[in-house]
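Welcome, and please take a moment to look over the sequence and the fold.

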Amino acid sequence: KMRDISYKEDNIKFNFRVAVILQNNNRILVQHNEGDVNYRLIGGRVQLLENTVQAIIREIREELAYNVKEEDLKLIQIAENFFDYDDEHGELQKVHEILYIYKLSVNSSDEIARKDNFTDLEKDKVVFIWIDKEKIKKMNLVPKLAKSIIDTEDTKYSIINELR
C-alpha cells in the first residue's frame with residue numbers, strides 16, 4: 001500500500017483527493033459520519049503513484065465493496081479548494097485541496113442501488129444513504145461545490161473555491 005498524498009505543517013494541510021457523485025435515477029449516495037452536520041460525497045485521498053481513476057475505483061471498493069469499471073466513470077470536476085475548519089481541539093486548521101470529482105451512474109438492478117443506510121466497511125460510525133437530488137440541494141453537502149454539479153454532464157476544470 002502506497003502512502004496517501006497528504007502533507008501537514010503546523011495548522012496547514014494539503015490533500016490530493018477524489019470523490020464520486022454516485023447516482024441511481026434521481027438519487028445520490030452520500031456518506032454521513034455519526035455526530036457530523038455534513039453529508040459527504042464518497043471518496044478519499046489519492047496515493048503516491050496512483051492516478052485519480054485508480055484512486056476512486058479503490059475508494060469505492062474499500063468503502064462500499066462495489067467494483068467499478070473505468071469506462072463507467074466520467075470526470076466532471078477538477079477543483080482547487082481552500083477552506084478552514086476548527087478541529088476537535090477548537091484549533092483553526094487551514095486546508096488546501098486538489099479534488100477530482102467523478103460521476104458514476106448505477107442501474108436499479110445493481111445490489112448497491114437496493115441497499116440503504118448501510119455502514120462503511122472500514123469505519124462503523126459512517127453510514128451510506130441514498131438521498132433524492134432535490135433534497136440534497138437543501139442539505140449540508142461537502143464539498144459545497146458538489147451541489148452545483150450534481151446535474152451536470154460537462155467536465156469543468158477552472159474552479160477555485162475559496163471558503164476562507
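The paragraphs below visit a helix and then some salt bridges.

This is a predicted model, in which local features need pLDDT of at least 70 and side-chain atom pairs count only at pLDDT 80 or more, while totals for chains, interfaces and linings use all residues. Residues are numbered from 1 along each chain as its sequence is written, and side-chain values use heavy atoms, leaving out hydrogens and water.

Let's begin with helix α1, which covers residues 52–64; helices here are DSSP runs of H or I with at least four residues, numbered from the N terminus. At its start, a side-chain oxygen of N51 comes to within 3.0 Å of the backbone nitrogen of V53. After the helix comes A65, with a positive phi near 55°. Because 10 of its 13 residues are buried, α1 is largely enclosed by the rest of the structure (buried means under 20% relative accessible area, exposed over 50%, partly exposed in between, with a 1.4 Å probe and protein chains only).

Now for the salt bridges, of which the structure holds 11; each is a side-chain nitrogen of Lys or Arg within 4 Å of a carboxyl oxygen of Asp or Glu. In α1, R58 and E62 are four residues apart, about one helical turn, and their side chains form a salt bridge at 3.3 Å, N to O. R58 is buried at 9% relative accessibility, whereas E62 is partly exposed at 26%.

Elsewhere, D151 pairs with K133 in a salt bridge, their closest N and O atoms 3.3 Å apart. This pair links distant parts of the chain, 18 residues apart.

Methods
Helices (H or I, at least four residues) and strands (E, at least two) are DSSP runs, numbered from the N terminus. The expected span of a helix is 1.5 Å times one less than its number of residues. A polar contact is a pair of N or O atoms within 3.5 Å; within protein, one must be able to donate a hydrogen and the other to accept it, and residues adjacent in sequence count only if both atoms are side-chain atoms.
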